[in-house]
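The sequence and structure come first, followed by the pairs in turn.

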Amino acid sequence: MRYLWRAALTMGALVAMLGLANCGRPSLEDEKLSDQKLNLEEYFDGKTVAYGQFKDRFGTVRRRFKVEIDGTWDGEQLRLNERFAYADGSSETRNWVLTKTGPDDWVGTAEGVQGEARGREVGDTFNWAYTIDLPLPDGDSMRVDFDDWMWLLEDGRLLNIAYMERFGVTLGEVTIFFEQR
């Protein structure tokens, strides 16, 4: 009986921790802080540069990078060629094909993405969710889920915070600032 009581308490604590894992995340229903309208096809058509870092769940910065992006919009699809240069000297390339499926809705594919990424624009905000086999520095990969948020700032920069999870447990977050060239 004592074992069952401990098991129930442990299970309850685990469920509570998993329930709190998504607390404090943005929502498309959040109050808009500007009257700007983000249009991905306009923002990323042309050259963009971004600077970012990955911070683990304990707050330690684990990786920094620069991304150079060439984007083309043909009226239906936005193609993004992303070239990552990491502070440790490694590099990576990812090619996205995003298709606008409605006035504010998008689907996309890229190397390593499982199925389709799905996103929605609301005012100055874009939310994007996908599962990807993320390359690791040692050459291996890890399947993770991204809850990716972008906000158009007043100075024309784009702030991106992406929450990374595996099996429902938050691993960390990626913060990126994009600038048009």
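Which side chain meets Asp105 in a salt bridge?

## Strands 5 and 6

The partner of Asp105 is Arg120, with an N to O distance of 2.8 Å. Because Asp105 belongs to strand 5 (residues 105-109) and Arg120 to strand 6 (residues 113-122), the pair ties together parts 15 residues apart in sequence. The model is a predicted one.

Asp105 has a relative accessible area of 24% and is partly exposed. Arg120 is also partly exposed, at 37% relative accessibility.

## Strands 7 and 8

Arg143 and Asp133 form a salt bridge through their side chains, at 2.7 Å from N to O. Arg143 is in strand 8 (residues 141-152) and Asp133 in strand 7 (residues 125-135), so this contact ties together parts that are ten residues apart in sequence.

Arg143 is partly exposed at 44% relative accessibility. Asp133 is partly exposed as well, with a relative accessible area of 23%.

## A buried pair

Glu165 makes a salt bridge with Arg25, and their closest N and O atoms are 2.9 Å apart. This pair links distant parts of the chain, 140 residues apart: Glu165 sits in strand 9 (residues 158-166), and Arg25 in the loop between helix 1 (2-20) and helix 2 (40-43).

Buried means a relative accessible area under 20%. Glu165, at 13%, is therefore buried, and Arg25, at 17%, is buried too.

## Network and total

Salt bridges also link Lys47, Lys66, Glu68, Asp70 and Arg83 in a network. The count for the model comes to 18 salt bridges.

Terms used. Residues are numbered from 1 along each chain as its sequence is written. This is a predicted model: local features need pLDDT of at least 70, side-chain atom pairs count only at pLDDT 80 or more; totals for chains, interfaces and linings use all residues. Side-chain values use heavy atoms; hydrogens and water are left out. A salt bridge is a side-chain nitrogen of Lys or Arg within 4 Å of a carboxyl oxygen of Asp or Glu. Helices (H or I, at least four residues) and strands (E, at least two) are DSSP runs, numbered from the N terminus. Buried means under 20% relative accessible area, exposed over 50%, partly exposed in between (1.4 Å probe, protein chains only).
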